[in-house]
Number of protein chains: 6
Amino acid sequence: MSAANKFTHLDENQQPHMVDVTEKDVTRRTATARAIVQLTPEIMAQFDGQELQSKKGPVFHTAILAGIQAAKKTSDLIPLCHPLPLTKCKVTIEPVDEVRVEVQATCTTDAKTGVEMEALTAASGAALTLYDMCKALSKAIVIEDVRLLEKTGGKSGDYKA
Amino acid sequence: MSAANKFTHLDENQQPHMVDVTEKDVTRRTATARAIVQLTPEIMAQFDGQELQSKKGPVFHTAILAGIQAAKKTSDLIPLCHPLPLTKCKVTIEPVDEVRVEVQATCTTDAKTGVEMEALTAASGAALTLYDMCKALSKAIVIEDVRLLEKTGGKSGDYKA
Amino acid sequence: MSAANKFTHLDENQQPHMVDVTEKDVTRRTATARAIVQLTPEIMAQFDGQELQSKKGPVFHTAILAGIQAAKKTSDLIPLCHPLPLTKCKVTIEPVDEVRVEVQATCTTDAKTGVEMEALTAASGAALTLYDMCKALSKAIVIEDVRLLEKTGGKSGDYKA
Amino acid sequence: MSAANKFTHLDENQQPHMVDVTEKDVTRRTATARAIVQLTPEIMAQFDGQELQSKKGPVFHTAILAGIQAAKKTSDLIPLCHPLPLTKCKVTIEPVDEVRVEVQATCTTDAKTGVEMEALTAASGAALTLYDMCKALSKAIVIEDVRLLEKTGGKSGDYKA
Amino acid sequence: MSAANKFTHLDENQQPHMVDVTEKDVTRRTATARAIVQLTPEIMAQFDGQELQSKKGPVFHTAILAGIQAAKKTSDLIPLCHPLPLTKCKVTIEPVDEVRVEVQATCTTDAKTGVEMEALTAASGAALTLYDMCKALSKAIVIEDVRLLEKTGGKSGDYKA
Amino acid sequence: MSAANKFTHLDENQQPHMVDVTEKDVTRRTATARAIVQLTPEIMAQFDGQELQSKKGPVFHTAILAGIQAAKKTSDLIPLCHPLPLTKCKVTIEPVDEVRVEVQATCTTDAKTGVEMEALTAASGAALTLYDMCKALSKAIVIEDVRLLEKTGGKSGDYKA
């Protein structure tokens with residue numbers, strides 16, 4: 001394969017195009033992505049103890065829902081993504097240490113192309129919403145590691161980070 | 001201020017709500033955010049030398065446009081954000097070292113609340129699109145540092161990371 | 001089945017998630033919903049007699065089109081709905097008595113999950129648009145009965161109100 | 001005023017148009033709408049007692065967020081609505097009796113036209129989402145009374161149901 | 001002015017950006033655009049005579065509404081357009097000769113930049129919808145002249161085609 | 001076939017409806033549409049010679065991406081279009097003579113109905129974006145010929161302009 005066509009989203013004239021997946025088979029595709037969000041000890045303290053349900057609940061629920069909804073908007077946000085009918089989207093948020101939480105997003109579909117971008121977009125959407133929900137407490141929040149953890153299905157085969 | 005109302009997006013009953021900014025003044029607001037995207041030496045090599053214009057051009061243009069369009073969709077993506085009429089949105093992508101590029105996004109508006117989320121959403125949207133454009137070359141791309149660099153305007157004052 | 005998992009949109013940790021329909025079969029699904037809109041005698045009089053075509057026409061057409069378009073936006077409006085490719089959407093508006101009209105919406109798809117929410121969203125979207133078109137004549141319009149009339153297809157079987 | 005132009009969304013030729021509000025003043029506008037949702041005793045029981053936080057929380061939060069997001073999409077859903085920059089949107093859900101909850105939505109803006117449709121759309125969006133969250137428990141849920149409770153501001157003056 | 005910066009949507013590095021209109025004044029802006037749609041005698045015959053109301057009505061109403069809604073989506077469709085709060089959008093469709101109709105769209109706003117793209121997008125959206133409504137009768141329909149007829153307001157002054 | 005039902009988007013009562021395609025087969029569908037955009041000699045000169053890459057690149061890339069994204073929004077823009085999962089969308093822009101460029105858009109899907117409107121919407125979206133990118137140089141740009149060039153698949157058979 002020549003270097004020229006390694007960017008699959010560029011055609012033979014170096015113009016952007018949506019990859020033609022017409023001839024590909026419809027198969028089961030899954031992808032899991034994650035985002036690590038570095039909050040602050042002060043914010044994490046809000047999520048602790050007796051008050052956990054009432055405080056963490058709506059903050060995390062809002063971020064989870066934003067992630068799921070972002071996954072459904074992937075082909076609107078990423079210019080060359082194909083529209084895909086998700087059959088599953090699950091977003092979780094768990095504490096990692098005293099200042100960090102991990103957002104994980106898993107998407108599944110039966111389609112001609114994969115759902116990596118859907119999982120990454122869900123994780124990013126949830127992470128950005130966490131930022132928004134907590135930014136009155138600190139503007140120094142950092143989304144510090146957004147990556148694909150795993151994918152299955154499709155011609156390029158399975159992947160595990 | 002009690003701990004209870006530090007999450008400004010939760011009301012007195014701990015329910016999510018859009019913050020009431022009705023009584024705030026319309027003032028000039030700016031924000032700049034960035035995302036560092038760790039690509040691979042192979043991908044960076046595609047952007048080098050004589051072929052730079054033809055290859056980097058459409059890849060970077062697509063990401064820049066996706067960032068600008070994401071900024072305009074911020075209030076649709078982040079559930080509790082107010083719709084704001086952006087008067088400026090500029091997204092740039094520059095190499096940082098042999099494997100990293102930096103996306104910077106600056107937004108401006110005259111409004112009752114700030115544009116931090118717009119700048120962060122623009123940077124994230126451009127970074128995700130870079131991932132999409134380059135993912136055929138490597139699935140190990142990482143968006144590794146999304147943060148607010150600076151904001152001006154508004155009651156909470158200026159901020160510089 | 002325990003009470004805990006009766007809310008199918010909550011996972012085992014009581015967090016909101018999109019139900020995983022991956023393993024379900026693609027089958028023919030239909031749903032019909034209705035909304036009763038209580039207008040006023042004055043508004044109903046506008047729809048009568050010789051002028052009926054010219055007046056009722058554009059008011060009803062606008063509401064019908066809004067209902068069809070709302071059906072297509074269902075997965076964007078209802079956070080945990082799956083995106084579904086509608087193959088039919090029909091919205092009708094008929095007078096019920098001197099002050100009421102009935103909106104009926106029928107949706108059909110071949111998919112892994114049902115179209116109840118699409119039919120309900122179409123009926124609501126048309127009813128809200130009727131409100132908007134008539135609100136200069138009366139602000140006391142009431143959308144007074146939005147319900148599912150019938151569904152067919154899917155594991156949970158057929159339903160008739 | 002002749003009957004012919006009482007439908008403000010129809011022009012002099014009976015064609016649908018967006019009302020021209022160019023010459024109107026920008027003033028403070030508020031509107032509150034409500035929707036009564038008739039659930040079932042079984043569903044209401046899920047919201048009671050010790051489990052209230054964990055169960056009702058995410059169900060109600062999801063509906064509240066859907067209502068707020070629906071309010072922001074009003075001009076996309078209602079064909080002839082003007083786009084308005086909301087400065088406040090608050091949605092609450094409270095039990096009314098053993099089988100009913102009431103959704104209330106209040107919107108505020110400084111604009112040339114009112115926010116009645118935004119409040120009604122928020123209430124309807126939250127009610128539809130409640131339906132979606134609870135429909136595995138009963139398909140006989142009814143959204144039984146969607147109406148404007150109050151508005152202030154604008155040339156047509158204040159209104160209270 | 002150098003040739004280099006004549007494309008106002010390209011910055012000094014030839015990268016696409018949203019023009020910075022922050023320092024411009026909010027003034028009244030209007031624009032009128034048109035699209036000529038060449039139908040066929042057979043289609044035009046459907047619009048004639050006694051049946052005109054019932055046939056032309058819903059076809060034209062649908063196209064008019066699509067045009068108004070397209071105008072509201074302009075900043076979503078045209079990547080570098082600013083979001084603008086339209087205060088008026090009027091779309092008309094009139095026969096020109098035996099095979100042609102003219103769509104005219106007029107938009108108004110008080111904003112820092114003009115509404116030419118909103119008017120052109122409204123005219124195009126209505127014309128495309130006419131095509132869709134009539135395409136079962138002929139696939140040879142042509143949208144043959146989409147142009148700006150007039151604009152007022154803004155630093156670049158008035159324009160009349 | 002009676003004249004009354006020639007407008008397939010009108011039902012037996014002359015009301016607009018989405019055509020019921022439920023019983024149709026899923027088959028391969030393609031469509032190619034074009035738009036001719038008449039620019040000016042001054043604008044065309046900007047695209048010539050040594051500077052072609054840097055100037056034409058981002059202008060054309062922006063228009064191409066806008067066209068692809070518009071294709072994905074077709075069912076949102078055209079009220080009675082069915083949502084279709086595109087598997088290919090390719091937009092090209094080529095000079096025709098000293099003052100004209102031709103936009104061509106080709107869409108493909110496996111679905112129950114065709115993609116003519118997707119191809120026409122892509123061509124129109126790219127053409128409108130070219131207008132936007134060049135309008136500072138001339139407001140007299142005309143989109144002068146938007147038409148379907150070819151379609152394949154579906155019950156109505158192939159078509160070639």
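**Strands, helices and axes**

Let me start with one residue pair in chain D: Ala31(D) has Lys151(D) as its bridge partner in strand β4(D). Before I go on, some housekeeping: this is a predicted model, where local features need pLDDT of at least 70, side-chain atom pairs count only at pLDDT 80 or more, and totals for chains, interfaces and linings use all residues. Residues are numbered from 1 along each chain as its sequence is written, chains are lettered from A and ligands numbered from 1 in the order in which they are written, and side-chain values use heavy atoms, with hydrogens and water left out.

Back to the strands. β1(D), residues 27-38, pairs with β4(D) in the antiparallel sense over 9 bridges. Pairing here means that DSSP finds at least two bridges between the two strands. Helices (H or I, at least four residues) and strands (E, at least two) are DSSP runs, numbered from the N terminus.

What else does β4(D) pair with in its own chain? That would be β5(D), residues 159-160, running antiparallel and joined to β4(D) by 2 bridges. Glu150(D) stands opposite Lys160(D) there. The two strands make a hairpin with 6 residues between them, and in the turn Gly153(D) has a positive phi of about 90°.

Now across the chain boundary. β4 of chain C and β4 of chain D, residues 142-152 in each, run antiparallel and are joined by 2 bridges. Ile143(C), for instance, has Val146(D) as its bridge partner.

Chains E and F give a turn of 180°, a shift of 0.0 Å along the axis and an RMSD of 0.0 Å when E is laid on F. In chain E the C-alpha nearest the axis belongs to Glu144(E), 2.4 Å away from it.

Which chains don't touch? Chains B and C are one such pair: no contact joins them (contact being heavy atoms within 4.5 Å), and their closest C-alpha atoms lie 10 Å apart. Chains A and E don't touch either, with their nearest C-alpha atoms 10 Å apart.

Last stop, chain A, with its 4 helices and 5 strands. Along the sequence the pattern reads β-α-α-α-β-β-α-β-β. Its C-alpha trace spans about 55 × 30 × 25 Å along the principal axes.

Helix α4 of chain A packs on α4 of chain B, residues 116-134 in both, at about 165° with the axes 11 Å apart. Those axes are lines fitted to C-alpha atoms over the stretch in contact, and angles run from 0 to 180 degrees between N-to-C directions. The two helices are therefore roughly antiparallel, the label for angles over 145 degrees. Among the residues making this contact are Met117(A), Leu120(A) and Tyr131(A), along with Met117(B), Leu120(B) and Tyr131(B).

Key:
Angles under 35 degrees count as roughly parallel, over 145 as roughly antiparallel, 65 to 115 as roughly perpendicular and the rest as oblique. Copies are superposed by least squares on the C-alpha atoms of residues with pLDDT of at least 70 in both.
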